[in-house]
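Here's a quick briefing for anyone meeting this structure for the first time. Have a look at the model, then read on.

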Amino acid sequence: MRVILPIISIALLFVGCRSNESKEQQSSDYYNTLSYETRYSNIDSSYIFAKKAYSYSENYEEGRSEALNNLAYVYYQQMKYDHSIRLLRKVLKQSRNQIELLCSDVMMMKVMQRIGNGYEFFKCRNSALNRLARINESLNDLTEHQLRRVYYANTELHIVSSTY
């Protein structure tokens, strides 16, 4: 009995930790969605929601990368291109999530277009096209949230490509 009780306690501790991670992921996804949905109507709210998403995503790489991409968009809209580039490079350096890397490539294309850096624009465009081709091979395995991110990035990729 003395051996079983500590084992049960440790098991309950791990179950409790897992449920907290799930709540953090849900909160991060929720605030990232709000940040995206308010980006065209209220950029200040988009910023606040992205910061909240970032704070909930300490142990959730996908949520953290999405929050950084949302913050980069806010800085892009505020014409703070250096801040935007810094955040996008952070995502490109730290993330392994191909969807968020695709979103970073596309956002970087937009920034490079604005500042007139054609070489970097096309470098990011080629990277985005390669990522999109890989992602399209496994679309059936993606969650609804991930699919929305892919469709967003694909749309933005074609819009920014057509205006360069």
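M79 sits in the loop that links helix 3 (61-77) to helix 4 (81-94). Helices here are DSSP runs of H or I with at least four residues, strands are E runs of at least two, and both are numbered from the N terminus. Keep in mind that this is a predicted model: local features need pLDDT of at least 70, side-chain atom pairs count only at pLDDT 80 or more, and totals for chains, interfaces and linings use all residues. Residues are numbered from 1 along each chain as its sequence is written, and side-chain values use heavy atoms, with hydrogens and water left out.

**The loop residue**
- M79 has a phi near 60°, a positive value in a residue other than glycine.
- M79 is also exposed, with a relative accessible area of 58% (exposed means over 50%, buried under 20%, partly exposed in between, with a 1.4 Å probe and protein chains only).

**The whole chain**
- The chain holds 7 helices and 0 strands, so its elements read α-α-α-α-α-α-α from the N terminus on.
- Of the 164 residues in the chain, 41% are buried.
- Among contacts (heavy atoms within 4.5 Å) with a separation of 6 or more, 60% join residues 24 or more positions apart.

**Helix 2**
- Helix 2 (residues 43-56) has 14 residues and should span 20 Å at 1.5 Å a residue, which agrees with its end C-alpha atoms being 20 Å apart; the expected span is 1.5 Å times one less than the number of residues.
- S46, F49, A50 and A53 are the buried residues of helix 2.
- These four cover an arc of only 105° around the axis, so they lie on the same side of helix 2; the arc is taken from the directions from the helix axis to the C-beta atoms.

**The cores**
- The largest nonpolar core has 33 residues, and L102, M109 and V111 touch the most other members; such a core is a set of buried Ala, Val, Leu, Ile, Met, Phe, Trp, Tyr and Cys residues joined through side-chain atoms within 4.5 Å.
- Helix 3, helix 4, helix 5 (98-115), helix 6 (118-136) and helix 7 (144-162) each supply at least two residues of this core.
- Helix 5 gives the largest share of this core, 10 residues.
- A second, separate core of 5 residues includes Y31, L34, A53 and A67.
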